[in-house]
Amino acid sequence: MGEVDELRATEERIRKLREEIEFHNYRYYVLDDPVVSDAEYDALMRELVELEAEHPELVTPDSPTQRVGAAPAEAFAPVVHRSPMMSLANVYSVEELRAFDARVRKALSGEPVEYVAELKIDGLAVSLVYEDGRFVRGATRGDGTTGEDVTHNLRTIRSIPMRLRLDRPVSIDVRGEVYMIRREFHKLNEERRASGEPLFANPRNAAAGSLRQLDPKVTAARPLDIFVYGVGYMSDMGGGALATHLESLGLLKEAGFRINPNTKRCPTIDEVMDYCRLWGERRDTLDYEIDGVVVKVNSLAQQERLGTTARTPRWAVAYKFPARQATTTVRDIVVQVGRTGALTPVAVLDPVELAGSTVSRATLHNEDIIRAKDIRIGDTVIVEKGGDVIPEVVKVVTDRRTGAERMFEMPAKCPECGADVVRLEGEAASRCVGGMACPAQVREGILHFASRDAMDIEGMGPSLVAQLLDAGLVRDVADIYDLKLDDVASLERMGKKSAENLLTAIKRSKSRPLHRLVFALGIRHVGERSARDLAEHFATMGRLAAATYDELRDVPEVGPKVAESILAFFREPRNREIVRRLAEAGVNMEEAGRAAPSAPSPLAGKTVVLTGTLERFTRKQAEEAVLARGGKVSSSVSRNTDYVVVGADPGSKHDRARALGVTVLDEREFVRLLGEG
């Protein structure tokens, strides 16, 4: 191919990329209905940026690289920003971060530079305009120069001050990100599913769709919030100019805005990279979505000298985390049978890279969700890896349907044992009635029994359990305690040493407290907390097994459904026989009393609720610390609650505690109450 032909091919590719990107801008910014994942969009934009860099003569003023976002929707009045709302250049690796640092230092002739690292909130960017300290207008980013007037909707967000808490009048444009917390997003989607409305793909789309409602009453009913992150314009305040970005954040906090508490000053690029690594690992501890880290030069004077390109500032960059959404194809839908007999549909996908790993399957939960999302075999879908790590199909790209897609039907017979599949009234799950005759239920039950939060039998994973079942060495959980060294050592990839380690772990599990055993039995609706409450209330397995309905209901937080499930479990002769054999094998059947503290604890007899992320403790460690001192941990705040312990990013429990007058403790006060501070 000659140079002229190559240039024509490049020109045609650039034209197609521009058309495709503009189409996706329209779907995302105007319709709030994207049809590709962030990763796919970023790949298109990166390719266009690279091609235009190689052929600057082909750059045109209307290229997506020369402007930000898309035109405002006609339903809202246009607002011209006093200073442009620029987008950020994206980087995806440590090497690209170092290259950004090198460019900054070169442009500043090697003078010292420090950075500010901020969490990149995955929401909708807005500008809040204040005149003489009063909120007068709010707008979306739009195309960076002109946005949409959403003032009335922004007024419904209670964390946006209507008047600045400053002792002098000031005119200022504040930049922020409107978002929706995860639990409220899931609640909203459940409500939309129940009413037959289309579901939002993720919290960001829910926030955008909520803010861009023509009726502010609809927005007011949606749980939106905002973090502000910068100043676009500011009048002379008569109090001296701001010198750094951190000072501007301090001013915004003083004025009454919410500033993200995780923002950090980083004197070196190495500290920036440490921050990026930390939040890449901790992002799921937050109750809102982040998709990266924003890195900014701290000095405002240096920012001014570095300047901007046509599209992005040279003094800031966005480090993007691995994509949590990707576009792929559903090749098949199969069902998996769980320990309670529930059949879970699973989408078999074309393999796709997602959040640093290759994903080829995604849960579909149950038949109702498949129908609500209208997922068909052969569909192009957007999959997401959430905080629980299990990928999920969040949206079908119906525009790509060809007509060859097929509907999924739940099988009438269990694929594992051939028993009937039934769906009880009022339940979303279809279940196999095979019980202990179903190998899938036996396998999953044994895995649950041996899991870390149950009997914690190290080494008893899926591969070994499958071998034990295939060899006929184990048929139920009681058989685990009859295993012999020679039998286990003869299994594939075991050997004598591995077998000895396994038998040692099995022996060690016999001494687990009763609440671990109750949870390990896999009684339906009995989780870790209710298992602990039951064990502490009844003290022995025998008393629990013999308990009446009324006696079970006397246990705090044990409702009718849990009580009925426990009664049904112990009515089954096979279950009672398994418990008898476990006791015969020497498995502990009593809940040992907690050692009394050496001195009376302030937490003894107190009810504690935990909310937010603690630095010194995991949630489980904090609960254990309270229980060890004679206290009780509850999941909800009421007038009977004694303390609410608040970590970073607390939820609605904090607000309810304030409303009820319940004592609120920060982490330092909590540690002091534990006697550790």
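## Glu131 and its strand pair

Glutamate 131 sits opposite arginine 134 of β5. The model is predicted: local features need pLDDT of at least 70, side-chain atom pairs count only at pLDDT 80 or more, and totals for chains, interfaces and linings use all residues. Residues are numbered from 1 along each chain as its sequence is written, and side-chain values use heavy atoms, without hydrogens and water.

Strand β4 (residues 124–131) pairs with β5 in the antiparallel sense, over six bridges. Pairing requires at least two DSSP bridges between two strands. Strands (E, at least two residues) and helices (H or I, at least four) are DSSP runs, numbered from the N terminus.

## The open sheet

The sheet is open and has four strands, ordered β5-β4-β7-β8, with antiparallel pairing. β5 (134–140) and β8 (224–234) are the edge strands; each has a single partner, so one side of each lacks a neighbour in the sheet. From one strand to the next, the twist averages 30°.

Helix α8 (residues 245–254) lies across β7 (172–180) and β8, at about 125° to β8. Angles run from 0 to 180 degrees between N-to-C directions, with axes fitted to C-alpha atoms, for helices over the stretch in contact. Contact means heavy atoms within 4.5 Å.

## The α12–α13 crossing

Helix α12 (residues 439–450) and helix α13 (residues 462–470) have axes that come within 10 Å and cross at roughly 130°. Val442, Arg443, Ile446 and Leu447 of α12 meet Pro462, Val465 and Leu469 of α13.
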